[in-house]
Amino acid sequence: MKSIESALQFNTEVLTSELPVLVDFYADWCGPCKVVLPMLEAIEPEYTGRMTFVKVNSEQVGDIARQYHVRSLPTILILKGGVVEETKIGMPATGRELRAMLDRALA
């Protein structure tokens, strides 16, 4: 999962992506974020070539988190064509819930 470290990188790799993009907003101190990341990394290979997965440390790139009104962590956004299609605030209950979210974005 690629880490986004600047607004310019976010614009280049997320907003202009031809594929839908899952954006995981996290922080190093966030316990639930540490549970979500391995779930996302396990699911990511199933979506290779169909969706891009990135993570954004909300403390290091706070301007992006503020732009998307991220107030709780973890927050997962699905963007298509630079537009937010779906948001999940908090930890998903299961990998199945994550897959359903991703599949809706691809439909």
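Buried, in this talk, means under 20% relative accessible area; exposed means over 50%, and partly exposed is in between, with a 1.4 Å probe and protein chains only. By that cut-off Phe10 is buried, at a relative accessible area of 1%.

Some ground rules. This is a predicted model, so to speak of local features we need pLDDT of at least 70, and side-chain atom pairs count only at pLDDT 80 or more, while totals for chains, interfaces and linings use all residues. Residues are numbered from 1 along each chain as its sequence is written, and side-chain values use heavy atoms, with hydrogens and water left out.

Rings of Phe, Tyr and Trp (its six-membered ring) pair if their centres lie within 6.5 Å; planes under 30 degrees apart are stacked, over 60 edge-to-face, and the rest tilted. How many aromatic pairs does this rule give? Two.

One is Phe10 with Tyr68. The ring centres are 5.6 Å apart and the planes sit at 55 degrees, so this pair is tilted. Phe10 is in helix α1, residues 7-15. Tyr68 is in the loop between α3 (62-67) and β4 (75-80). That is 58 residues apart, so the pair links distant parts of the chain. A word on labels: helices (H or I, at least four residues) and strands (E, at least two) are DSSP runs, numbered from the N terminus. Tyr68 is buried too, with a relative accessible area of 16%.

The other pair is Tyr47 with Phe53. Here the centres are 6.3 Å apart and the planes are at 40 degrees, so this pair is also tilted. Tyr47 is buried at 2% relative accessible area. Phe53 counts as buried, at 2% relative accessibility.

Next, the cores. A nonpolar core is a set of buried Ala, Val, Leu, Ile, Met, Phe, Trp, Tyr and Cys residues joined through side-chain atoms within 4.5 Å. Which members of the largest core touch the most other members? Phe10, Val14, Val23, Phe25 and Tyr68, out of 15 residues. The elements giving two or more residues to this core are α1, β2 (21-26), β3, α3 and β4. β2 provides the largest share, three residues. There is also a second, separate core of 14 residues, and Ile43, Met51, Ile78 and Met101 are among them.

Back to α1. Gln9, Phe10 and Val14 are buried in this helix. Not counting residues up to four places away in sequence, Val14 touches Ile4, Gln9, Val21, Val23, Val54 and Leu79.

Now two charged residues. Lys and Arg count as positive, Asp and Glu as negative; His and the chain ends are not counted. A salt bridge needs a side-chain nitrogen of Lys or Arg within 4 Å of a carboxyl oxygen of Asp or Glu. Lys55 lies in strand β3, residues 52-57. Lys55 is buried but has no salt bridge. Which side chain of opposite charge is nearest to Lys55? Glu41, at 4.9 Å. Beyond four places in sequence, Lys55 touches Met1, Lys2, Ser3, Ile4, Asp24, Tyr26 and Leu37.

Asp24 is in strand β2. Asp24 is buried without a salt bridge as well, and its nearest opposite charge is Lys55, 7.2 Å away. Outside its four-place neighbourhood, the contacts of Asp24 include Met1, Val36, Leu37, Lys55 and Pro74.

That brings us to the loop between α3 and β4, where Pro74 is found. Some background: most residues other than glycine have a negative phi, and most peptide bonds are trans. The bond from Leu73 to Pro74 is cis, with omega near -5 degrees. Pro74 counts as buried, at 0% relative accessibility. Past four places in sequence, Pro74 contacts Asp24, Phe25 and Cys30, among others.

His69 sits in that loop too, between α3 and β4. His69 is not a glycine, yet has a positive phi of about 55 degrees. Is His69 buried or exposed? Exposed, at 56% relative accessibility.

Key
Contact = heavy atoms within 4.5 Å.
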